[in-house]
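Thanks, everyone. Let's walk through one model, with the sequence and the structure up on the screen.

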Amino acid sequence: MATATDQVVGFGLVAFSLVLFVYYTVWIVILPFIDSDHGIHQYFLPREYAVIIPVVAGLLLLLFIGIFIAIVMWKNRKPAKKLD
Amino acid sequence: MTKLGQWLWGLALLGSAWAALALGPLGPRVPPPCRQVLLPLPIYLLVAFGCYSLATVGYRLATFNDCEEAAAELQEHIGAARADLRQRGLRF
């Protein structure tokens, strides 16, 4: 058995991604087929955000990865050899 | 053809099919709600794939079994190796 922390984190990730998937699927695939006066639309942002939010999140992810790589490379640089 | 070539070919086919339906001249012939679903479809597939990856990582993290005896044995090996190297003169 994995440790309790591992199990909590692991199943938490599963639950989070499931919720995210269901919400996003309803937002993108199901809402266009529901009449615009139905009450369910109040739980969802306007559809432009369904594209903007993932794109911005992806860009932020790339930004953090780039910053991480830059920091690691900066720490590992060797000082230039001094010539006598 | 290499695997990369196959993947790129498949992506190009799907991409051009999507572009033809969503952006192209067939536009008015697709019913409006289907069009609204079709336009964000690439991003939707990307997000769905990301969710699947996250769920897989989380599930495998939760179900990976600890190996107590193997961990203890490994620590033993580490201790023995350190003692041996220290004896031969390597300083830690």
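Over residues 43-62 of chain B, the chain is 100% helix and 0% strand. The end C-alpha atoms of that stretch are 29 Å apart. Helices here are DSSP runs (H or I, at least four residues; strands are E, at least two), numbered from the N terminus.

Some ground rules. This is a predicted model: local features need pLDDT of at least 70, side-chain atom pairs count only at pLDDT 80 or more, and totals for chains, interfaces and linings use all residues. Residues are numbered from 1 along each chain as its sequence is written, chains are lettered from A and ligands numbered from 1 in the order written, and side-chain values use heavy atoms, with hydrogens and water left out.

Next, the interface. Chain A puts 24 residues into the contact and chain B puts in 19, where contact means heavy atoms within 4.5 Å. About 2,000 Å² is buried between chain A and chain B, and carbon and sulfur atoms give 77% of that area. Buried area is the accessible area (1.4 Å probe) that two parts lose on being put together, summed over both.

How many salt bridges cross the interface of chain A and chain B? The rule finds 0. It asks for a side-chain nitrogen of Lys or Arg within 4 Å of a carboxyl oxygen of Asp or Glu. Over all chains, the structure holds 1 salt bridge. B:Asp84 pairs with B:Arg88, with the closest N and O atoms 3.3 Å apart. These two sit 4 residues apart in helix H4 (residues 68-88) of chain B, so about one helical turn separates B:Asp84 from B:Arg88.

Now the largest pocket. A pocket is an open set of points on a 1 Å grid where a 1.4 Å probe fits, with protein on both sides within 12 Å along at least five of seven lines; lining residues have an atom within 4 Å of a point. The largest pocket holds about 650 Å³ of space. It has 20 lining residues, and those closest to its centre include A:Leu20, A:Pro54 and B:Val47. Helices H1 (4-30) and H2 (49-75) of chain A and helix H3 (41-63) of chain B each give two or more residues to this lining. H2(A) gives the most, with 8 residues.

Terms used:
Points joined across faces, edges and corners; volume = space filled by probe spheres on them.
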